[in-house]
Amino acid sequence: MNKNIILTASICLTLFLTSCKSDKPQPKNVASEFLGAYLSADFNKAASYCTPKLSEELKLAVKEIENLNESLKKQITTSTAEFVPQIGEIEKIGKGDTLIVNYRIVKSSPDSTLDANVADVIKSSISLVKDEIVGWKVLKLNK
C-alpha cells in the first residue's frame, strides 16, 4: 500500500514539474537565432527577436540596404553568410531579468576566400531582457 502511494506521488510530482516547463525560447537560442539572422542580413527576422526600440532601428537598416544597388546587396549577403555566431558565457545582471550574452563570430568554412585572420576577431556581446509574456528579447548590441 505504501509503495503505491509513493509511486503515485512520484508520478504526480514528475507530471507537475514537466508541465511547468516553459515553451518560451531560452536566452542562448534567442541570441543564436538573432545573430544568425543579423549576420545573414535578414534584418526583418532579426528584428523579431528584439525589443520594440531595437526592432525599429533594425527596420531602418533594412531601408538603407534596400536603397543599395543589387550587386552591392548580393555582395553583402554573400560575405556575411560566411560567418556564424558562437555563443559563449551568459552573465546575469541584477535580479536576472537582464543578461549579457558573450559571443564570437567565426568563419563557417575554412576554405573561405576571406583572410584567415578575420576568422575570429569579432568578439562582443548583446544584452537580453526578459519579457514576461514572450520570453527573452534582444535589448541592445553591446560595444
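Let's start at threonine 51: apart from its neighbours within four places in sequence, threonine 51 is in contact with Val129, Lys137, Val138 and Leu139. Keep in mind as you explore that this is a predicted model.

**Around threonine 51**

- You can find threonine 51 in the loop between α3 and α4.
- Is threonine 51 buried or exposed? Its relative accessible area is 12%, and since buried means under 20%, threonine 51 counts as buried.
- Threonine 51 and lysine 137 are 86 residues apart along the chain, yet their C-alpha atoms are separated by 5.6 Å.
- Valine 138, one of the contacts of threonine 51, has its own list of partners: Val30, Phe34, Tyr49, Cys50, Thr51, Leu54, Ile126, Ser127 and Leu128, not counting residues up to four places away in sequence.

**The nonpolar core**

- Which members of the largest nonpolar core touch the most other members? They are Phe34, Leu58, Ile126, Leu128 and Val138, out of 25 residues in that core.
- Helices and strands both contribute to this core: α2, α3, α4, β1 (83-93), β2 (98-107), β3 (122-131) and β4 each supply at least two residues.
- Helix α2 gives the largest share of this core, with six residues.

**Helix α4, one face in and one face out**

- Helix α4 covers residues 52-66, and at 1.5 Å a residue its 15 residues should span 21 Å.
- Four residues of α4 are buried, namely Leu54, Ser55, Leu58 and Val62.
- Why do these buried residues line one face of the helix? Looking down the axis of α4, you would see them fall within an arc of 100°, so they line one face.
- On the face of α4 turned away from the buried side sit the exposed residues Pro52, Lys53, Leu60, Lys63 and Glu64.
- The cover over the buried residues of α4 includes α2, α3 and β4 (135-141).

**Aromatic rings**

- How many aromatic pairs does a search of the whole structure find? There are two.
- Tyrosine 38 is partly exposed at 30% relative accessibility, whereas phenylalanine 43 is buried at 11%.
- Phe34, Tyr38 and Phe43 together make up one aromatic cluster.

**Salt bridges**

- The structure contains two salt bridges.
- One joins the side chains of glutamate 33 and lysine 45, at 3.9 Å from N to O. This pair links distant parts of the chain, with glutamate 33 in helix α2 (residues 27-39) and lysine 45 in helix α3 (residues 43-47), 12 residues apart.
- Glutamate 33 is partly exposed at 38% relative accessibility, and lysine 45 is partly exposed with a relative accessible area of 38%.
- Another salt bridge forms between lysine 73 and glutamate 70, whose closest N and O atoms are 2.8 Å apart.
- Where do lysine 73 and glutamate 70 lie? Both are in helix α5 (residues 70-80), three residues apart, which is about one turn of the helix.
- Glutamate 70 counts as exposed, at 58% relative accessibility.

How values were computed:
Residues are numbered from 1 along each chain as its sequence is written. This is a predicted model: local features need pLDDT of at least 70, side-chain atom pairs count only at pLDDT 80 or more; totals for chains, interfaces and linings use all residues. Side-chain values use heavy atoms; hydrogens and water are left out. A salt bridge is a side-chain nitrogen of Lys or Arg within 4 Å of a carboxyl oxygen of Asp or Glu. Buried means under 20% relative accessible area, exposed over 50%, partly exposed in between (1.4 Å probe, protein chains only). The expected span of a helix is 1.5 Å times one less than its number of residues. The arc is that of the directions from the helix axis to the C-beta atoms. Contact means heavy atoms within 4.5 Å. Rings of Phe, Tyr and Trp (its six-membered ring) pair if their centres lie within 6.5 Å; planes under 30 degrees apart count as stacked, over 60 as edge-to-face and the rest as tilted. A nonpolar core is a set of buried Ala, Val, Leu, Ile, Met, Phe, Trp, Tyr and Cys residues joined through side-chain atoms within 4.5 Å.
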